[in-house]
Amino acid sequence: MSNHVPNEARVIPLRPPGARPQAARPATAPPRQGPPAPAVKEPLWRDLVGDVLRRERLAQERTLKDVADEARISMPYLSEVERGRKEASSEVLAAAAHALGLGLGDLLSRAQGELIRVTSRYSGGGRRTASSPSSSEGLCMAA
């Protein structure tokens, strides 16, 4: 019989007391260089569109209330859209753009330009095509 008391948890140690865990890796493995670099997150479309709306509104020196009233949307909702917290419908985006004197195409085109500008920083200069050769073609580059 066991001397285990009923209704009490029984602890079974996985390693002997005082033993320190060691990484199980082959002797030929190189030492770790630190944590891997975090993956770069691409910006969300709603953030880009909101930034464009806010920049245009501020460039026109207009208040949030003024633009929201003209677009016939609530001021808190327009604020959320500008801050990228709400994924606005195309109707709402068109109304906000028209209130600022822009077409929906203008708004989306500016947001696309912002996306290209922002993502080119992450990728090191933008998109490469077959017609735009790079000076590093054929070379293996390591960081």
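1. **Basis.** The model is predicted: local features need pLDDT of at least 70, side-chain atom pairs count only at pLDDT 80 or more, and totals for chains, interfaces and linings use all residues. Residues are numbered from 1 along each chain as its sequence is written, and side-chain values use heavy atoms, with hydrogens and water left out.

2. **Fold.** The protein has 5 helices and 0 strands. From the N terminus on, the order is α-α-α-α-α. Helices (H or I, at least four residues) and strands (E, at least two) are DSSP runs, numbered from the N terminus.

3. **Burial and surface.** Of the 143 residues in the protein, 24% are buried. Buried means under 20% relative accessible area, exposed means over 50%, and partly exposed lies in between (1.4 Å probe, protein chains only). The protein exposes about 11500 Å². Carbon and sulfur atoms supply 54% of that area. Accessible areas come from the Shrake-Rupley method with a 1.4 Å probe; for residues, only the protein chains shown count as cover.

4. **Contacts.** Take the contacts between residues at least 6 apart in sequence: 60% of them join residues at least 24 apart. A contact means heavy atoms within 4.5 Å.

5. **Helix H2.** H2 spans residues 64-71, and its buried residues are Leu-64, Val-67, Ala-68 and Ala-71. They cover an arc of only 100 degrees around the axis, so they sit on the same side of H2. The arc is that of the directions from the helix axis to the C-beta atoms. The buried residues of H2 pack against helix H1 (45-59), H3 and helix H4 (90-99). Arg-72 follows H2 and has a positive phi, near 60 degrees.

6. **Salt bridges.** Side chains of opposite charge can pair when their charged atoms come close. Here, a salt bridge is a side-chain nitrogen of Lys or Arg within 4 Å of a carboxyl oxygen of Asp or Glu. By this rule there are 10 salt bridges.

7. **Glu-82.** Is Glu-82 buried or exposed? Glu-82 is buried, with a relative accessible area of 2%. Its place is in helix H3 (residues 75-82). Leaving aside residues up to four places away in sequence, Glu-82 touches Gly-50, Asp-51, Leu-53, Arg-54, Arg-57 and Leu-64.

8. **Arg-54 and Glu-82.** The side chains of Arg-54 and Glu-82 form a salt bridge, at 2.9 Å from N to O. The pair links distant parts of the chain, with Arg-54 in helix H1 and Glu-82 in helix H3, 28 residues apart. Arg-54 is partly exposed, at 28% relative accessible area. A network of salt bridges links Arg-54, Arg-57 and Glu-82.

9. **Arg-110 and Glu-56.** A salt bridge joins the side chains of Arg-110 and Glu-56, at 2.6 Å from N to O. This pair too links distant parts of the chain: Arg-110 lies in helix H5 (residues 104-123), Glu-56 in helix H1, 54 residues apart. Arg-110 is partly exposed, with a relative accessible area of 40%. Glu-56 counts as buried, at 16% relative accessibility.

10. **Asp-66 and Arg-62.** Asp-66 forms a salt bridge with Arg-62, and their closest N and O atoms are 2.6 Å apart. Asp-66 is partly exposed, with a relative accessible area of 33%. Arg-62 counts as buried, at 16% relative accessibility.
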